[in-house]
Amino acid sequence: MSSPSGSSPDEAQAFLARHPEIEAVDVVLTDLNGVGRGKIIRRHELLPLYEIGRHFPISVLALDITGEDVHETGLTWAEGDRDLRAWPVPGTLVPIHGTRRGQVLVTLHDLDGSPIRPDPRQALKCQVEWSAAKDLHPAAAFELEFFLLDPSVSMRHAFEPAPALTDGRKSNKTEVYSVDHLHGMEPLFTDIYAASEAQGVPVETIISEFAPGQFELTLHYRRDVLRAADDLVMLKRLVRAQARRHGLVACFMAKPTESHAGSGMHFHVSLADGEGRNVFSERDGERFSPALLHALGGCAASMPDSMLVFAPNANSWRRFVSNAYAPTAPSWGANNRSVALRVPAGPAASRRIEHRPAGVDANPYLVAAAVLAGIGKGLEEKLNPGPETVGDGYAGAQPAAALPGDWREAISQAEASSFLKEALTPELHKVLLAIKRSEHAMVSRTVTELDYRLYLHEV
């Protein structure tokens, strides 16, 4: 059968001809937690992947963050753990810098070629198709914030920024925007840029961020939001791999330390009409276009229901504290980093929304799907975003629609949300809730070091 993902054997043949050094290829499916699951195949197995696909068990979509089956998803024994077929995502077959291996992203389909809805990429594709039916075409880019940590962190469970690769210097200071501090990690950043170029991932600026050991990479804007999400998935993988090759740990937890700001995954998005014009651009005499205001209104209204997507893990919720560049309410404002929905400064032609709630631990496909659904809701219902937040968004009046207070509330609100069920598809919504309820139960019953510190000698 022909590939339902749109991939072609020609891509595999051209890749093998260009890269005679490649001995094996990582075949990577992104699960609901954003974890790459898959296999490593030998060189001679690559072409058959493009010709007939590759079997994956359906249970690969039913795994919690530890890789354990969550039977409540209905995707394990209720399905007999049957096989599906993985097909390559066009344009993602790339070499891995510094190795003799390649990598390709895949998406899951049933054996007859129909899409499997609990596949996160398929959920985003549904939203893209809905937008296209309205003659609207999203363009987007993600930002990636992360920490570089000392490798002993995994053994000691203690936060320790990585020493500079150039001279071993350690710094526990917040060296935000320090160019000299970046030079200490120059060997790693050189390899990240080389790996990104080899993989066609449009990485641009790197900065030292607002916490010790924290950095940010930006990605070039894409006119294809699916590729924008692919970029983020591929960038996280290559940053982690290159950091490991240099003896460092790339940390994508949303809040690895209580003393400093956490890591976000800001999502920049705009919409073009059928003639390529940005519908968010204001016209003469307008401060904001009606379409932009309605889109902001939809994002704000749907944000409380969507927080489980933007903050999917127990650790995610530690990021939402005042004055730490993480939003605490569904607020909006122009050129203001204290709000959840920022309208960046710039020319009208590049007008866009910077959606700021998602942590770096979120799944980019689900983030983009939920945001696009919120924008669509706002445009369809002509929603008003409420008053603009000017100045300190943490100190001002809070919008009426409050965000969930913690992970448990977010799970309950997501479960009751008809909006989120439609945004992600009912099938994926069911699986996501089952996995998150299972993970919440695991965290709730775990006795931690903090329990001993608080209660051992006191109660």
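Biologist: On what basis are the values given?
Modeller: The model is predicted, so local features need pLDDT of at least 70 and side-chain atom pairs count only at pLDDT 80 or more, whereas totals for chains, interfaces and linings use all residues. Residues are numbered from 1 along each chain as its sequence is written, and side-chain values use heavy atoms, with hydrogens and water left out.

Biologist: At what angle do α7 and α9 pack?
Modeller: Helices are DSSP runs of H or I of at least four residues and strands are runs of E of at least two, numbered from the N terminus. Axes are lines fitted to C-alpha atoms, for helices over the stretch in contact, and angles run from 0 to 180 degrees between N-to-C directions. Helix α7 covers residues 225-245 and helix α9 residues 364-381. Their axes lie 9 Å apart, and the packing angle is about 145°.

Biologist: Which residues of α9 meet α7, and how many residues in the contact are charged?
Modeller: With contact meaning heavy atoms within 4.5 Å, Val225, Leu226, Ala229, Asp230, Leu232 and Val233 of α7 meet Pro364, Tyr365, Ala368 and Leu372 of α9. Ala, Val, Leu, Ile, Met, Phe, Trp, Tyr, Cys and Pro count as nonpolar, Asp, Glu, Lys and Arg as charged, and the others, Gly among them, as polar. By class, the contact of α7 with α9 has nine nonpolar residues, no polar residues and one charged residue.

Biologist: How many salt bridges does a search of the whole structure find?
Modeller: A salt bridge is a side-chain nitrogen of Lys or Arg within 4 Å of a carboxyl oxygen of Asp or Glu. Asp26, Arg101 and Arg237 are linked in a network of such bridges. The search of the whole structure finds 22.

Biologist: Which helices does the salt bridge of Arg437 and Glu415 tie together?
Modeller: The N to O distance in this salt bridge is 2.5 Å. Arg437 is partly exposed at 37% relative accessibility, as is Glu415 at 42%. The two residues are 22 apart in sequence, so the pair ties together parts in α12 (residues 426-445) and α10 (residues 407-415).

Biologist: Which side chain of opposite charge is nearest to Glu160?
Modeller: Glu160 sits in the loop between α4 (153-156) and α5 (179-183). Lys and Arg count as positive and Asp and Glu as negative, with His and the chain ends not counted. Glu160 is buried yet has no salt bridge; at 4.2 Å, the nearest side chain of opposite charge is Lys170.

Biologist: What is the phi of Thr425?
Modeller: Most residues other than glycine have a negative phi. Thr425 lies in the loop between α11 (418-424) and α12 and is buried at 9% relative accessibility. Although Thr425 is not a glycine, its phi is positive, at about 80°.

Key. Buried < 20%, exposed > 50% of the residue type's maximum accessible area, 1.4 Å probe, protein only.
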